[in-house]
Amino acid sequence: MKKVTFPILLILVSSMIFGGMTHTVQAQTDPSILLKIAKQAQNQLENQINQDSSDKAKQLFREGTQQMKALEESLANNDVESAKKYFLSTMRIFKEVSQQLTNNKSPQTEMATLKATTEDPSADLLRLQDYSDNIKTIAKKYNTSIDFSDLDDLFVIAKKQIRAKQFDDALQTIGQIKQITIDLNNKIREYASQQEQSRAKDYAQKYLEQLDRLIENAKNQGLSENIIQKLESARESLSSTTDPHEIINQIKKLYQLKNNLN
């Protein structure tokens, strides 16, 4: 089995703890996976803790280890609910240990890490290229008139800078690309929302016409004033809303009212 690297493990832990861990744990069919994840986190942290680590980090690591022992005992006793709690406690502590280790890095280590991350941003640029292609596909789907030429030019510039080993310049260009993709994504979302509202209004107009005929027939047939008022109230509610979801709800109410009349 491929070993999970520490950054990936941290992402997993963060998503579990802060992204709804309870549902994630409940979805597991094999509770022993909790122990495997906790042990992976323990092993990764154990490899990073050394004599220069802070006393707090070492103490937290010991506390996390104790919680993991309780997790093992719970699983051995088939006490799944307790295992979930000990697992959450263990991972929270291990995450705090990781933060302590990160905060206590020496300036030399920080510089080495920074250098490693800025040596060649080709992978980051490739991810942005994929994201940009997805945005273009969505823009085409909604028939937008968005111009991607500036974005395409920046990709060309960034690739040239990387080939020339001008990584600092490439990082600045990549920063511009990220901002443009965010702006374009927001524009497409806004455009899609406007289209959705427009379709919903057209959909509502169709039923407003039917409702007008229904009201007219109710009056011609001499139905009670109470019924006519309900129909007119339904028409007013449907005509005054612009939210697509609310339009659907109003049309559902109209169907129910129409069935009651029938």
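This is a predicted model: local features need pLDDT of at least 70, side-chain atom pairs count only at pLDDT 80 or more; totals for chains, interfaces and linings use all residues.
Two residues are in contact when they have heavy atoms within 4.5 Å of each other.

The protein chain has eleven helices and zero strands, so the order of elements from the N terminus on is simply α-α-α-α-α-α-α-α-α-α-α. Of the 262 residues in the protein chain, 32% are buried. Among contacts between residues at least 6 apart in sequence, 72% join residues at least 24 apart.

The pairing of α3 with α4 comes up at the outset. On the α3 side the contact is formed by Ser32, Leu34, Leu35, Ala38, Lys39, Gln42, Leu45 and Glu46, and on the α4 side by Phe61, Thr65, Met68, Leu71, Glu72 and Leu75. By class, these residues divide into eight nonpolar, three polar and three charged. The axes of the two helices, α3 and α4, come within 10 Å and cross at roughly 160 degrees. Because that angle is over 145 degrees, α3 is roughly antiparallel to α4. The crossing of α3 and α4 is left-handed.

Ala38, Leu45 and Leu71, which take part in this contact, also belong to the largest nonpolar core. That core has 19 residues, and Ala38, Leu45, Leu71, Phe87, Met91, Phe94 and Val97 are those with the most contacts inside it. At least two core residues come from each of α3 (32-48), α4 (55-76) and α5 (80-103). The largest share, seven residues, is supplied by α5. Apart from this core lies another, of 16 residues, including Phe148, Phe155, Ala158 and Ile177. As a general matter, nonpolar side chains in soluble globular proteins tend to be buried together.

Between α4 and α5 there is a loop that holds Asn78. The phi of Asn78 is near 60 degrees, a positive value in a residue other than glycine. Most residues other than glycine have a negative phi. Asn78 counts as exposed because its relative accessibility, 67%, is over 50%.

From α7, Ser122, Leu125, Leu128, Gln129, Ser132 and Lys136 meet Leu151, Asp152, Phe155, Ala158, Lys159 and Ile162 of α8. This contact has six nonpolar, three polar and three charged residues.

The loop between α7 (122-141) and α8 (149-163) contains Thr144. Is Thr144 buried or exposed? Thr144 has a relative accessible area of 18%, and since the limit for a buried residue is under 20%, Thr144 is buried. Leaving aside residues up to four places away in sequence, Thr144 touches Ala139 and Tyr191.

At 60% relative accessibility, Lys165 counts as exposed.

Technical notes:
Residues are numbered from 1 along each chain as its sequence is written. Side-chain values use heavy atoms; hydrogens and water are left out. A nonpolar core is a set of buried Ala, Val, Leu, Ile, Met, Phe, Trp, Tyr and Cys residues joined through side-chain atoms within 4.5 Å. Buried means under 20% relative accessible area, exposed over 50%, partly exposed in between (1.4 Å probe, protein chains only). Helices (H or I, at least four residues) and strands (E, at least two) are DSSP runs, numbered from the N terminus. Axes are lines fitted to C-alpha atoms, for helices over the stretch in contact, and angles run from 0 to 180 degrees between N-to-C directions. Angles under 35 degrees count as roughly parallel, over 145 as roughly antiparallel, 65 to 115 as roughly perpendicular and the rest as oblique. A crossing is left-handed if the near helix is turned anticlockwise from the far one by less than a right angle, and right-handed if clockwise. Ala, Val, Leu, Ile, Met, Phe, Trp, Tyr, Cys and Pro count as nonpolar, Asp, Glu, Lys and Arg as charged, and the others, Gly among them, as polar.
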